[in-house]
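Visitor: I am new to this structure. Please take me through the surroundings of the ligand, slowly and in one piece.

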Amino acid sequence: MFMKGKKGVILGVANNKSIAYGIAKACADQGAEIAFTYLNDSLKKRVEPIAAEFGSENLVYPCDVSNPDEIKALKESLEKDMGQIDFIVHSIAFAPKDGLTGRFYDIPKASFDIAMDVSVYSLIEVVRELKPIMSDNCSVLTLSYYGGVKYIPNYNLMGVAKAALEMTTKYLAEDLGKDGIRVNAISAGPIKTLAAAGIGEFRFMLKWNEAHSPLKKNVTTTEVGNSGMYLLSDLSSAVTGEIHYVDCGFNIMGMPATSFDEN
Ligand code: NAD
């Protein structure tokens, strides 16, 4: 039981297809006590039964990360109901549709600002607001994608946001290291979730990754969850500021491992 005695909060469960759900399951299976947040009332109805599945029906809170008051209120609720926390999962991203399709240079400033606020700045703000209730070996985890490192068709604005998120992970890791707090990211391969549905030609991405990754398959939320559990537990006590790929090895490929038929 690698998470026995650990308490934490997971932001970003929308349904049981969410990457955050896979992480919650892996942590709960290893003995963690987990609080959940939801974005709005329609997602509340979906998150509540999921929380109940993990015995956390009394640990479900609203948190739209674009509203600083809701992050502050989350801290108060967690402090009252859990005391200290040992881990935080930030599994949140959003970009308006016009940032995920079409010409990159057409991205409106308003869309850019929203994507950076919800998908990047929120990590800094959540960490800062929850810092007073973090235990002295707290582990923080966020979720990135390869489109923040290399060009991926249609990923557009979210690619810029993920690049910023990965550097935010590293700067936070350095800053909080002196307090014993670790901050890491998982760069997951493509998975069909609600957020992924917003990305143009997503099915092609799935097919491409399956065909060209060393393991010749797509990653599952269970596999990302297990790797997430490792980064949140003391198993990874010397790991911080890391962008850990959980993508069936796709990121190592310089070109597809196929050859032209020369005959
Ligand atoms: P998902 O739709 O299940 O999760 C995204 C979550 O973000 C939802 O729970 C949604 O409610 C939340 N969210 C959006 N705006 C919010 C706001 N203002 N305040 C609070 N919450 C908000 O999809 P997912 O694929 O599980 O995404 C989770 C994370 O994983 C995201 O950061 C995503 O970019 C990343 N990721 C996804 C993939 C993929 O292919 N699915 C791959 C790599 C990384």
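Guide: The ligand is surrounded by 27 residues, the closest being Ser18, Ala93, Thr193, Leu194 and Ala195. A residue counts as near a molecule if its C-beta atom, placed from the backbone, lies within 6 Å of it. This is a predicted model, in which local features need pLDDT of at least 70 and side-chain atom pairs count only at pLDDT 80 or more, while totals for chains, interfaces and linings use all residues. Residues are numbered from 1 along each chain as its sequence is written.

The shell around the ligand consists of 20 nonpolar residues, six polar ones and one charged one. Here Ala, Val, Leu, Ile, Met, Phe, Trp, Tyr, Cys and Pro count as nonpolar, Asp, Glu, Lys and Arg as charged, and the others, Gly among them, as polar. Helix H1 (19-29) and strand S5 (134-144) each supply at least two residues of this shell. Helices (H or I, at least four residues) and strands (E, at least two) are DSSP runs, numbered from the N terminus.

Next, the records. In an unreviewed UniProt entry, the annotation "binding site" covers several residues, including Ser18, Asp64, Thr193, Leu194 and Ala195. UniProt positions are given in the numbering used here, feature names are shortened, and annotations may be inferred rather than shown by experiment. The residues under this annotation span 184 residues in sequence, and their farthest two C-alpha atoms are 23.2 Å apart, so they do not all gather at one spot.

Ala195 sits in the loop between strand S6 (182-188) and helix H6 (202-212). Ala195 is buried because 22 other C-beta atoms lie within 10 Å. The term buried requires 20 or more other C-beta atoms within 10 Å of the residue's own, exposed means 12 or fewer, and partly exposed lies in between, with C-beta atoms placed from the backbone. Asp64 belongs to the loop between strand S3 (60-62) and helix H3 (68-82). Asp64 has 17 C-beta neighbours inside 10 Å and therefore counts as partly exposed. Apart from neighbours within four places in sequence, Asp64 is in contact with Leu39, Asn40 and Glu70. Contact means that two C-beta atoms, placed from the backbone, lie within 7 Å.

The annotation "binding site" in the unreviewed UniProt entry also covers Ala95. Ala95 lies in the loop between strand S4 (85-90) and helix H4 (109-130), and is buried, with 25 other C-beta atoms within 10 Å.
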